[in-house]
Amino acid sequence: MWWGYSPGLDIQHEVNKSGTNCLGKCLEILIVGAGDPRHILKTLASSYLHQDRTVTYHVIELTSEQVARSILLLSTCLEKDLGLQEATRYYLEIFGNTLVRPATAKYLVQQCSRLTDIPTSTISCSWLSLDRLKHKDKDRLEAIFKFWERATRESVPIVKYWDQRIRNSLKTRYDYRDGVFDWDYHMILKSRGVSNLTIQEYRFWRNNGVAFTWLEGEPVRSNPTLLSNIIQHGPGFIHYAYLGDITNGPYFAWALEGAKDKHNKYRATDIAEREVMRVIHEIKTKEPLCEELIASHRDPSILNGTLITQMPDNEMEQESWKRERSKHKRNDMPWINIEEHKVVFHPTASLETFKHKAEYVSRFDFLWVAQNMIKQLPNLAPLLKEGAIVMVELQKYMVEPREEDLQNFVKELRNIARESALRELGDINPKEHYIARFCKH
């Protein structure tokens, strides 16, 4: 729910590689159900390698919380004044940890206070458009940002929520959960080519929801951006605790690139840090990242080891912070200028309504669809130009589906694609591939 199960893609590269639509000066991209902004960030970072284009990312997510998280994560990468390593670790902790370091929590409070003004247009944001959302959707976003700011200060027992999910999932196997986690890791994930994720990282995340850890700080503050169904109720808020992923992990969006190098001994955390750092650097400087700038790789002694192996004192997590007056000015624009790129969020209902609107029919050059959204392909196919590229996420890096399930998923996908007038590009091997490629007839 909160992250995808495939690496971020340079969409301009995918379009150029296909040989279709590659001469146009405007690129219209539709991203459905990605769960996080990795494709946008990867495409932004690589834009200096391609011809000048105006790129518009149209994004549909299933929940307002996912929209709010995408805005928060994008703003973290685009903020002018954050250092490279600082922004990288803020991003990864907010992205994939139930608990964050105090410095990250303070940043989260500050950033949510600023983002609260975006849905009401009190602060303008040149790279973001919420104009297609309804007023109730904007009000919901504003409430979510306010809740995150308050909940980060006052703290919420998110690790307790996580443990309740684990207990409900495993039932009588709860007391033997480390054995369950080891089985999923060795018998499923390792067999599917996940090389850099260590058993210590995976087991620690399965137990507590903390995916990314570093020697320099201890995660002690709750991350409320992982809570679901946030609703304003009078002067306060209600929510449905943690309803996200507890079996797969947030590693596959950023930590798979290192698998190409068979000889490295980096943890998934080190690979993810390197890739997010590379993206942020390239977005801001429009030039490649020198490997020597990647701080986590300077000292070989800290590689391939889990740095945090015990949970912090629960009282530290629950300590309440006083609210401080926001230091940002209403007209403050803290983000770098990305004139040629725009992110447009659409309501979930657009999945059903777009095909009935002339402005969206045959509009898009590229479509990316999450693995849990393939049944929407018949609604989305009419929105594509002839020759448009379609990429569908597969379930290779998900623990729950067994081999037979992977085969059945691909079979169902092929049937839906055929009925939607989509032509398969290359073979689909569910054990080898994490993406299926199609083309609009």
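**Close-up views of a predicted model**

**View 1. A salt bridge joins the side chains of Arg140 and Glu65.** The N to O distance is 3.0 Å in this predicted model. Arg140 sits in helix α6 and Glu65 in helix α3, so the pair links distant parts of the chain, 75 residues apart. Arg140 is partly exposed because its relative accessibility is 26%. Glu65 counts as buried, at 1%.

**View 2. Glu359 and Arg132 meet through their side chains in a salt bridge.** Here N to O is 3.9 Å. Glu359 lies in the loop between α12 (350-353) and β9 (364-369). Arg132 lies in the loop between β4 (128-129) and α6, 227 residues apart from Glu359. Glu359 is partly exposed at 48% relative accessibility. Arg132 is partly exposed too, with a relative accessible area of 36%. Shared partners join Glu28, Arg132, Glu359 and Arg363 into one network of salt bridges.

**View 3. Glu424 forms a salt bridge with Arg414.** The closest N and O atoms are 3.0 Å apart. Strand β11 (residues 422-424) holds Glu424, and helix α14 (residues 403-419) holds Arg414. Glu424 is partly exposed at 28%. Arg414 is partly exposed at 25%.

**View 4. Helix α5 (residues 102-115) is largely enclosed by the rest of the structure.** Ten of its 14 residues are buried. Among them are Tyr107, Leu108, Cys112 and Leu115. The buried residues pack against α3 (64-78), α4 (84-96), β3 (99-100), α6 (135-154) and β5 (221-222). From first C-alpha to last, α5 reaches 20 Å, close to the 20 Å expected.

**View 5. Ile231, Ile238, Tyr240 and Leu243 form a nonpolar surface patch.** Together they have about 360 Å² of accessible area. Ile231 belongs to strand β6 (residues 231-233). Ile231 is partly exposed, at 38% relative accessibility.

Key: Residues are numbered from 1 along each chain as its sequence is written. This is a predicted model: local features need pLDDT of at least 70, side-chain atom pairs count only at pLDDT 80 or more; totals for chains, interfaces and linings use all residues. Side-chain values use heavy atoms; hydrogens and water are left out. Patches are made of residues with over 30% relative accessible area and no salt bridge: like charges are joined within 9 Å, nonpolar side chains (Val, Leu, Ile, Met, Phe, Trp, Tyr) within 5 Å. Accessible areas come from the Shrake-Rupley method with a 1.4 Å probe; for residues, only the protein chains shown count as cover. A salt bridge is a side-chain nitrogen of Lys or Arg within 4 Å of a carboxyl oxygen of Asp or Glu. Helices (H or I, at least four residues) and strands (E, at least two) are DSSP runs, numbered from the N terminus. Buried means under 20% relative accessible area, exposed over 50%, partly exposed in between (1.4 Å probe, protein chains only). The expected span of a helix is 1.5 Å times one less than its number of residues. Contact means heavy atoms within 4.5 Å.
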